[in-house]
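Please look through the structure shown here before reading on.

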Amino acid sequence: MSYLVLARKWRPRSFHELVGQEHVVRALANALDHQRLHHAYLFTGTRGVGKTTIARIFAKSLNCERGVSSQPCGVCSACTEIDAGRFVDLLEVDAASNTGVDDVREIIDNAQYAPVRGHFKVYLIDEVHMLSKPAFNALLKTLEEPPPHVKFLLATTDPQKLPVTVLSRCLQFNLKRLPADLIGGHLRRVLEAETVPFDAGAVDLVARAADGSLRDALSLLDQAIGFGGGTVHEAEVRAMLGTVARERVCDLLDAVAAGDGAAVLGVVETLAETAPDFADVLAELLAALHEVAVAQVVAPAGAADAVAARLAALAVRLPPEDVQLYYQIGVLGQRDLPYAPDPRSGLEMVLLRMLAFRPAAEAASPPAARTAPPASPGATAPRAESGRAAPSAAAPRDTGSAPAGAGAASAAGPASPATALDFADWHAVVERLGLGGVALQLARNCVVSAWDGESLALSLDPVHAHLLGSLAENRLREAIGRVAGRPVALRIAAGALPDETPAQRAVRNDAERRAAAVGTMREDELVQALGERFDARLLEDTVLPLGDPAAGGAGK
């Protein structure tokens, strides 16, 4: 007996056997069970997601000898002949091979005749977008008003190429790409039914490589079984697909996080020994960064394996803005990779770009600067080579767009206790912490409620209580200790505010500046003259004070 490939052997024969596409199945099942049948249906979607399979099941439901319903019996002659592809009243047309108007006219001429065996004569036209314009024009009238015994089922991967006159005559169903976990679950059931030994990691690799197509997944699974000699193991599937082990991707991220360029290039050298697709390596790196970013927002319940544990550790170690920067650099690198002299050098440049554009706060300082002793209050500031005084440790850190490691204000080392922060002026403290993102938002919505020289208590505006317990709280604690020159115990609680927060002060100052700007405009002689002569009125909401960013720095 000849071997039947998995994609054909495991092709669904009823709606309940379909994997995914519940939104389409539900609509079709209700139409069949309530006899609310349209004359033309259009199924769209990428390859291998079930367009023609659903169309055949629908044709079986229409022509089952037990009657029209969403649950064909599967055993009558009509059902078995449709499954075998030899039912006389189901006419499948490949529009890619039959594109001309003559082929369509043959369909139109035969449509007037009653079905031979079934309740309906069903025309299944696959890749319908390949029909020529004259062919579409010839089909339009019949497609709009076919005989009552005719149903049209159209399938296409490119609905944009269909004339709107055709789209308007059909009920359209868009089939979605299947998620990898759904594909993986189906592949496991197939392997268990086929009694093929397999690794869970190997199945996950095949599911991801299928890119949303269940048919492609089954074809790859067939290939993996043959490659492994009747088994499906992760190492063999990686070798077959040319994918890189996720451990190596973690090695890359560890080296980037450490700012170790030599280690980064060393990992790439190790990867090159297995001749991988470097575009896939970059894609795996982006997928890992995505997992890290998600873990920073939603803490994982637990590490499923060693790789997940390493990514969870990176989520704690890396600042969120660094992760976002690395991801953006990687995405842009994907676009530029085809233009690189060779894929390996393209990947290396993407990784080196991640190192070169690290935020200044995280960039490595020169060894001398990192080991310099704390500056004493009365010490004379050392002079730079240019003759200008070098910035002291107590100077605010520049968080602008300077290149990594250039001109860092903290180069003289952490401040000594004698130059510690004056927490009484929390507004000034916030400006010196050098924070960004959510951590800055947390700091700006707090005020000092207690300070005893060792521990600091902050009151948080209750509106922002959701920030408590987040990574931003840890980053604020680290920033305070870094700038103070020693660890500071920090407690934050949402509650009554004893003073105005920096955020509230900024809002009040902005409102006062805008009110002053409106008053100035009202007193302006030109504005008053325009109002008197043309009955004009001042749109106060559009007045911006001088220096407002929305006014382009000049004011309006």
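Two strands are said to pair if DSSP finds at least two bridges between them. By that rule S1 pairs with S5, since the two run parallel and are joined by 4 bridges. The model described here is a predicted one.

## The sheet of five strands

An open sheet of 5 strands has the order S2-S3-S4-S1-S5, and its pairing is parallel. At the edges stand S2 and strand S5 (171-174), each of which has a single partner strand, so one side of each is left without a neighbour in the sheet. On average, and with direction ignored, neighbouring strands of this sheet are turned by 15 degrees against each other. As a general point, the strands of a sheet pair through backbone hydrogen bonds, in either a parallel or an antiparallel way.

Strand S1 (residues 40-44) has 5 of its 5 residues buried, so it is largely enclosed by the rest of the structure. Ala-40, Leu-42 and Thr-44 point one way from S1, while Tyr-41 and Phe-43 point the other way, and all of them are buried. On the side of S5, Tyr-41 stands opposite Leu-171. S1 also runs parallel to S4, to which it is joined by 5 bridges, and there the bridge partner of Thr-44 is Thr-156.

S2 and S3 pair in the parallel sense over 5 bridges, and Asp-94 stands opposite Asp-126 in S3.

S3 itself is mostly covered, with 5 of its 6 residues buried. It is joined by 6 bridges to strand S4 (residues 150-156), and these two strands run parallel. Along this pairing Leu-124 stands opposite Leu-153, and Asp-126, the residue that Asp-94 stands opposite, stands opposite Ala-155 in S4.

## The sheet of three strands

An open sheet of 3 strands has the order S6-S7-S8, and here the pairing is mixed. Strand S6 (446-451) and strand S8 (489-494) stand at the edges with a single partner strand each, so one side of each is left without a neighbour in the sheet. The neighbouring strands of this sheet are turned by 25 degrees against each other on average, direction ignored.

Which strand pairs with S8 in the parallel sense? Strand S7 (residues 455-460) does so, over 6 bridges, and within that pairing the bridge partner of Leu-458 is Ile-492 in S8.

## The second largest pocket

The second largest pocket holds about 510 Å³ of space. It is lined by 28 residues, of which Arg-11, Gly-50, Thr-52, Thr-53 and Arg-215 are the closest to its centre. By kind, the lining divides into 11 nonpolar, 7 polar and 10 charged residues.

Several elements contribute to this lining, with at least two residues supplied by each of helix H1 (6-9), helix H3 (51-63), strand S2 (90-94), strand S3 (121-126) and helix H10 (214-227). Among the contributors, H3 gives the most, with 4 residues.

## The cavity

By the rule used here, the count comes to 1 cavity of 30 Å³ or more, and the largest cavity holds about 40 Å³ of space. Its lining is made up of Val-93, Asn-98, Asp-103, Val-104, Ile-107, Ile-125, Leu-131 and Leu-139. These residues divide into 6 nonpolar, 1 polar and 1 charged.

## Leu-325 in helix H16

Is Leu-325 buried, partly exposed or exposed? Leu-325 has its place in helix H16 (residues 320-336), and its relative accessibility is 27%, so it counts as partly exposed, a class that lies between under 20% for buried and over 50% for exposed. The C-alpha atom of Leu-325 is separated by 8.0 Å from that of Arg-358, although the two residues are 33 residues apart along the chain.

Definitions and conventions:
Residues numbered from 1 in each chain as written. Predicted model: local features only at pLDDT ≥ 70, side-chain atom pairs only at ≥ 80, totals over all residues. Heavy atoms only, no water. 1 Å grid on protein atoms, 1.4 Å probe; cavity = no way out; pocket = protein on both sides within 12 Å on 5 of 7 lines; lining within 4 Å. Points joined across faces, edges and corners; volume = space filled by probe spheres on them. Nonpolar A, V, L, I, M, F, W, Y, C, P; charged D, E, K, R; others polar. Axes fitted to C-alpha atoms, helices over the stretch in contact; angles between N-to-C directions. Buried < 20%, exposed > 50% of the residue type's maximum accessible area, 1.4 Å probe, protein only.
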